[in-house]
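Please keep the sequence and the structure in view while reading.

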Amino acid sequence: MRSAVQGITFELLRMLLVGAIIGISGGVAANLFVLGVLEIDALITSEPMRASFVGFDVTRWLALVIAALLIFGLKRAFDMDRWHGPADTILSTHRASTPFPVREGFLSTTAAFISASGGASVGQYGPVLHFGSSVGALVRSVLPTKLNPEVYVACGAAAAISAGFGAPIAGVVFACEAILRHFSVRALAPIIVSSVIASATTRLFFDRNSPYIVDVSGLDWNLLPLVLLLGATSALVAVLFMSSLLRLITWAKQKNRELLFILIAVTGMAMIGSIVPEALGLGTNTVNQFLSGERMASDVALILVAKFLATLLCLGFGLFGGVFSPAVFMGASVGSLFGILAATLGYPDFALTLMAVCGVAAVTSSVVGAPIAIVIIVLEFTRSYEFALTSLIAVAMSSFISTRIFGYSFFDRQLKGRGYDLRMGRETLALLDYRVSKLNFEPGCVFNTKSLGSDVLLQLTASNKTEGYIVDDHGLLVGVVTIIDAMGNGDSSVDTFMSKDFHSLTLQQDLLSAMETAQSFVGEAIPMVDENNTYVGCITEGAILGAALEQQEAIKGYERN
């Protein structure tokens, strides 16, 4: 008993240590990312560095060109086929057979940092989240515990959100809601430690809290119709943004002109930034202006359109970064427009801030697919129950519409494009990762094409089988014969009465497709072949179903602790 208690205590301490290490690392990384971008941007926009020609910001253009060339060179130097982000983080927690790509995570965050530092209209939270997850996966390789690998990844994601928004509770909920997609008691302890320590690290060592400033006032329930309309409008903006971005990324990839497109992106970004400077970079200050109601409707509309186009151009043409911050920006601008409308209709002045906050929550929840976590972020950075409740209404409307038109999130659609539909759940992904070659299959009764029916009948009877499998001189599967066929064709060679219309499985086939084959199969066992169609054995429907049930029960057992 004493040794058991000591073992549990030691394991608990290791789990807490893991959470603390990831929390500190994630918190430091998130803050260095943001502060580094701000410092470089301040240097670029400083008076000694500024240069323009006929209104065109030459300095910004040069900074973007340098950033583009660095990103292009980084990708080629490390032979990266694509950059990695939150979609890969989510996928890694759903596929136990696939290790988290730590190297690609660090390189992708570096690319995002370069893009943001140059002034590209990209996000910071997605890359930082993926970086935190990379740190979590790295810690697991150094300090393993009984925790599953995905818990380490979730700890890193929670730390990044906690440090980025100054919202430790939201960090925990986001990791469970958007990354793990379930709430596991076993995983909560290290995730909570990571999130809380990341928030504490941010406040103690960087003297930072939430990047967004809100002057909280009361609540007028007469605003409810406008809030619902804002939610619907936010959903349409989010869907338009996500679908346009995916189409542009696909089109640019098909053209295979990466360097040309990335240079077009930086030139277009510089042109947009020369006309609307607010579209450049992360846009945190502009979001705070929207939240405080400092902008006129015409300015807000122009900035929204410019930011929308700039983000599509940057992310679509190769300047890597996240979609979280652009979603926050566009949400704040849409909400600000509704706030101005509310003020025009005679509602109190606090409606400007309230509607802007609701817009942030509504658009962002549709883009990143974490409605509960986003509402809690609002609650933590506003410290207002009324603001959180109103945001919840806007989020509910926005999520209801966007999930039916587009999908659960931008990341889910990215993964669906790669062949992974997370709507099917962990059980289905586990079946997709399980190869038929792992199953226990039988040798079966094998015959040559020239075997006589009488010989087939004799061997099947002796083996207590009802089916045999016909191979040619090279061992290739060419047909299936039943004991009934053999009884009526005793003097004929099997190739004259065998069935050439039959089901078969390959060794590399996944368990899900094997189950689909078994559903329409009628017979004793399904023959199996290798990639060359060489017969290797047979397997029963019961063996396939049993393996599938084992996989599903293992996943359910994990999610239920």
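How many residues does helix α7 have, and what distance does it reach from its first C-alpha to its last? In this predicted model, α7 covers residues 168–180, has 13 residues and reaches 17 Å, which is close to the 18 Å expected at 1.5 Å a residue.

**The whole chain**
- The protein chain contains 22 helices and eight strands.
- Its C-alpha trace spans about 95 × 65 × 50 Å along the principal axes.
- Of the 561 residues in the protein chain, 55% are buried.
- Among contacts between residues at least 6 apart in sequence, 75% join residues at least 24 apart.

**Helix α7**
- A bend of about 30 degrees occurs in α7 at Phe174.
- Phe174 is also one of the buried residues of α7, as are Pro168, Cys176, Glu177 and Leu180, among others.
- Because twelve of the 13 residues of α7 are buried, this helix is largely enclosed by the rest of the structure.
- Just after α7, Arg181 adopts a positive phi of about 65 degrees.

**The pair α6 and α8**
- Two packed helices are described by the angle between their axes and the distance between the axes.
- The axes of α6 (residues 149–165) and α8 (residues 185–205) come within 8 Å and cross at roughly 30 degrees.
- Angles under 35 degrees count as roughly parallel, and α6 and α8 are therefore roughly parallel to each other.
- Their crossing is right-handed.
- On the α6 side, the residues that meet α8 include Val151, Ala154, Cys155 and Ala158.
- On the α8 side, the residues that meet α6 include Ala187, Pro190, Ile191 and Ser194.

**Two loop residues with positive phi**
- Most residues other than glycine have a negative phi.
- Asp79, which is not a glycine, has a positive phi near 50 degrees.
- Asp79 lies in the loop between α2 (58–77) and α3 (86–94), and its relative accessible area of 70% means that Asp79 is exposed.
- Asn533 is likewise not a glycine, and its phi is positive, at about 70 degrees.
- Asn533 is found in the loop between β7 (526–529) and β8 (535–539); with a relative accessible area of 32%, Asn533 is partly exposed.

Methods
Residues are numbered from 1 along each chain as its sequence is written. This is a predicted model: local features need pLDDT of at least 70, side-chain atom pairs count only at pLDDT 80 or more; totals for chains, interfaces and linings use all residues. Side-chain values use heavy atoms; hydrogens and water are left out. Helices (H or I, at least four residues) and strands (E, at least two) are DSSP runs, numbered from the N terminus. The expected span of a helix is 1.5 Å times one less than its number of residues. The bend at a residue is the angle between axes fitted to the seven residues ending there and the seven starting there. Buried means under 20% relative accessible area, exposed over 50%, partly exposed in between (1.4 Å probe, protein chains only). Axes are lines fitted to C-alpha atoms, for helices over the stretch in contact, and angles run from 0 to 180 degrees between N-to-C directions. Angles under 35 degrees count as roughly parallel, over 145 as roughly antiparallel, 65 to 115 as roughly perpendicular and the rest as oblique. A crossing is left-handed if the near helix is turned anticlockwise from the far one by less than a right angle, and right-handed if clockwise. Contact means heavy atoms within 4.5 Å.
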